[in-house]
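This report describes how two protein chains meet. Please view the sequence and the structure before reading on.

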There are 2 protein chains.
Amino acid sequence: MSFADHIRACNNHDPARAIPLVAGDQRIGWLRRDNAAALARFPRVFAVGPDRVGLVAEGDVDRVSAAVDEVVEALVVERRVPKWRNETFDVMPRWGDRPVFRLDRGAVPFFGVRAYGVHLNGYRRDGGGLHLWIGRRAPDKRVDPNKLDNIVAGGIGNGYGAAATLVKEADEEAAIPAGLIGRAVAVGAVSYRMETELGIRDDVLFVYDLEMPSEFVPKNTDGEIVDFTLMPAESVIERVRTTGDFKFNVNLVILDFAVRHGLLRAEDPEYLEVASGLHRSLD
Amino acid sequence: MSFADHIRACNNHDPARAIPLVAGDQRIGWLRRDNAAALARFPRVFAVGPDRVGLVAEGDVDRVSAAVDEVVEALVVERRVPKWRNETFDVMPRWGDRPVFRLDRGAVPFFGVRAYGVHLNGYRRDGGGLHLWIGRRAPDKRVDPNKLDNIVAGGIGNGYGAAATLVKEADEEAAIPAGLIGRAVAVGAVSYRMETELGIRDDVLFVYDLEMPSEFVPKNTDGEIVDFTLMPAESVIERVRTTGDFKFNVNLVILDFAVRHGLLRAEDPEYLEVASGLHRSLD
């Protein structure tokens, strides 16, 4: 393993294997060709062409969402979408745009719509060295069970912004009170585009840093994290470099932390690949 | 003006207007088509084709550099290259690779070879708020005279690394002693690809932060900066947003500082465009 291997793994999307999903003249997703073909039998919702799929369902957000949900129901039956998550994400051309429809989280990679999340680096300065609070994911998580994770992370559901999601997830995942999470600092965004067995993950992660008081110990309340450990940041980074112990995208969030806090030397042969590779243009 | 306007201005390169300069099977530059055509009468050094220009001069770095220098001399006479700078940059496919040849800095944009530089954010925490030391460029600078600049910035000449360039420029530009500049922290890299009147700037800037002691006042010794001012970081960022007062690429370095230090809110409509747009893939 190397730092760049993690970045490459999260950016394995091959444009030749996918076609755009468009609403009007705006792209809202990327469909792998087999997924696009599976939509051909829903012509009242999607118009499948050789080099693009158009959303043709008409009406307001509620009506379009209901029409897409009927398609998702069929895809779940066919096991092309693993299951309903009963949590919806806004589908929009760009962050801040009005949503075109709401999509169940379980179907997001099938359609390759851009998903937004928040990740929090909870750190401490102990004895001069930086330490990071690291969680271990529960064994029943669908994505990367048992792997190591940030202290708090979560997807931005429809109607939530980044800050509100951070407050909610900080409470559920680590019992961080509102007064403390309010001191978290927005420090950038990590982005990648990855093909998975389900389709395409086109993810943007809002990254926050929070200096944790020495007396605070995180405690999970939603069953998604089984334990938390305070680890020296240098050890965390070395473990990122040499193992696959961390959830796939958490490697990138930790590398971003390492770059911003001067924990990677500019002389490291991978430095520029890391500093540049954590961010892709939001085309 | 907006934040994103500065990023777009630095990334106005249109691939359709340029063809690659290659050495063997590796790209080492981007030639605007008119610049490529001007090389056709040097067939012992460059092979100009319709969709690429190949370096054909043979020999070690010294011999290839000498062959290219003869071409540069002709380009200076024709005023396609403004003048010799008498400072050479290493030309290489990627940072850390062995150089293919050395090129006078004045000819770097003509050939569109990637150039590397260092930029330092010199900051202070006064009364709770961040402040930045900002320089004003001398009126006789060829690029962006009289514009505002970072406290220290400079190109990485051949044989120098990032850290050595930072130490040298910190001494010359701001009289920062070695003991102080040694505390500067490497915090990432900003990259952009820009067409100018001379050709294409394909630049990567190593970014450093340095917390400046309150008793330190920078003093220019090489005539490139006429004065330094300590400005509240919030004012600097607002001035970036609303004016063209800063040197073109310094806008990007300051935006990177603003993102990393939490001076832009995640809710800013331009946040993701800024956080992602300061870094391009190093293709």
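How many salt bridges are there between chain B and chain A?

## Polar and charged pairs

The count between chain B and chain A is zero salt bridges, a salt bridge being a side-chain nitrogen of Lys or Arg within 4 Å of a carboxyl oxygen of Asp or Glu. Across the interface of chain B and chain A, two residue pairs are in polar contact, both at pLDDT 80 or more. A polar contact is a pair of N or O atoms within 3.5 Å; within protein, one must be able to donate a hydrogen and the other to accept it, and residues adjacent in sequence count only if both atoms are side-chain atoms.

## Basis of the model

This is a predicted model, in which local features need pLDDT of at least 70 and side-chain atom pairs count only at pLDDT 80 or more, whereas totals for chains, interfaces and linings use all residues. Residues are numbered from 1 along each chain as its sequence is written, chains are lettered from A and ligands numbered from 1 in the order in which they are written, and side-chain values use heavy atoms, with hydrogens and water left out.

## Extent of the interface

Contact (heavy atoms within 4.5 Å) involves 26 residues from chain B and 27 residues from chain A. Between them, the two chains bury about 2000 Å², 65% of it on carbon and sulfur atoms; buried area is the accessible area (1.4 Å probe) lost on putting two parts together, summed over both.
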